[in-house]
Each structure stands twice: as structure tokens, then as C-alpha cells.
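Please keep the model open while reading.

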Amino acid sequence: MSTETAQATGAAAPRSGSGALQSRSARKRRAILDAATDAFVSLGFDATSMDDVARAASVSKPTIYNHFGDKESLFRAAILAAIEYTEANTHEMIAALPRTQ
């Protein structure tokens, strides 16, 4: 999810940890998810093409299909990633709240 998408949805952009600690495959997967989320939010499911996602993620279409299988699976993975990110941030925010009696 890009900064623009995060602003549009009211969430912070989910990004993975240090590039040095991530495998090349994990970095590509994250780039694909980020590009797909941006495209799905701005264009909608039907108007988003795998070519658009591949171009934005700087990967080939076969790379997307290797990671996600098809467009619907990519869409589901993008939604799940956004939910997981939001849930994790919600838990962090709740934990940071001052304790009251």
C-alpha cells in the first residue's frame, strides 16, 4: 500500500522490515502486494490489469503468477495484508494507551 493509498484509506502504508534481512523473493512479493493494492484502490478490481501491477512493481507477469496464481488470489492477498497490518497497528495503539482505573 503506497502513501497515497494509505492516505485514501486512512491507514499507514504497510512496509516490510529491513531490505538486508528480507529475501529477494519476499521483497518482490511485498512490491507486488503494494503495487496491486494501489491499483485496486485507484482503478478497481476489473480495471486493474496484471500488466499494470507488474509494471508498477518492476517485476514480470510470470513473477506475479508464480507468487499469487491469479488476479483473484492477488486481490485476496492484498486485502489480507491490509487487514493484518491494520490489526497489528491497532494492537500497538491499544497497548500504548495509558492505563486508567
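Helices are DSSP runs of H or I with at least four residues, and strands are runs of E with at least two, numbered from the N terminus. The model is predicted: local features need pLDDT of at least 70, side-chain atom pairs count only at pLDDT 80 or more, and totals for chains, interfaces and linings use all residues. Residues are numbered from 1 along each chain as its sequence is written, and side-chain values use heavy atoms, leaving out hydrogens and water.

| Residue | Place | Phi |

Most residues other than glycine have a negative phi. With a relative accessibility of 67%, Ser58 counts as exposed (exposed is over 50% relative accessible area, buried under 20%, partly exposed in between; 1.4 Å probe, protein chains only).

**H3 against H4**

Helix H3 spans residues 50–57 and helix H4 residues 61–68. Their axes come within 9 Å and cross at roughly 100°. Axes are lines fitted to C-alpha atoms, for helices over the stretch in contact, and angles run from 0 to 180 degrees between N-to-C directions. H3 and H4 are therefore roughly perpendicular (65 to 115 degrees; under 35 is roughly parallel, over 145 roughly antiparallel, the rest oblique). H3 brings Met50, Asp51, Val53 and Ala54 to the contact, and H4 brings Lys61, Ile64 and Tyr65. Contact means heavy atoms within 4.5 Å. Five of these residues are nonpolar, none is polar and two are charged. Here Ala, Val, Leu, Ile, Met, Phe, Trp, Tyr, Cys and Pro count as nonpolar, Asp, Glu, Lys and Arg as charged, and the others, Gly among them, as polar.

**The two sides of H4**

Which residues of H4 are buried? They are Thr63, Ile64 and Phe68. They cover an arc of only 105° around the axis, so they sit on the same side of H4. The arc is taken from the directions from the helix axis to the C-beta atoms. The buried residues of H4 pack against H2, H3 and H5. Exposed Pro62 and Asn66 are on the face turned away from the buried side of H4.

**The core**

The largest nonpolar core has 17 residues. Such a core is a set of buried Ala, Val, Leu, Ile, Met, Phe, Trp, Tyr and Cys residues joined through side-chain atoms within 4.5 Å. Ile32, Leu33, Val53, Ile64, Phe68 and Leu74 have the most contacts inside it. H2 (24–43), H3, H4 and H5 (71–96) each supply at least two residues. H2 gives the most, with six. Beyond its neighbours within four places in sequence, Ile32 touches Val53, Ala57, Val59, Thr63, Ile64, His67, Phe68 and Leu74.
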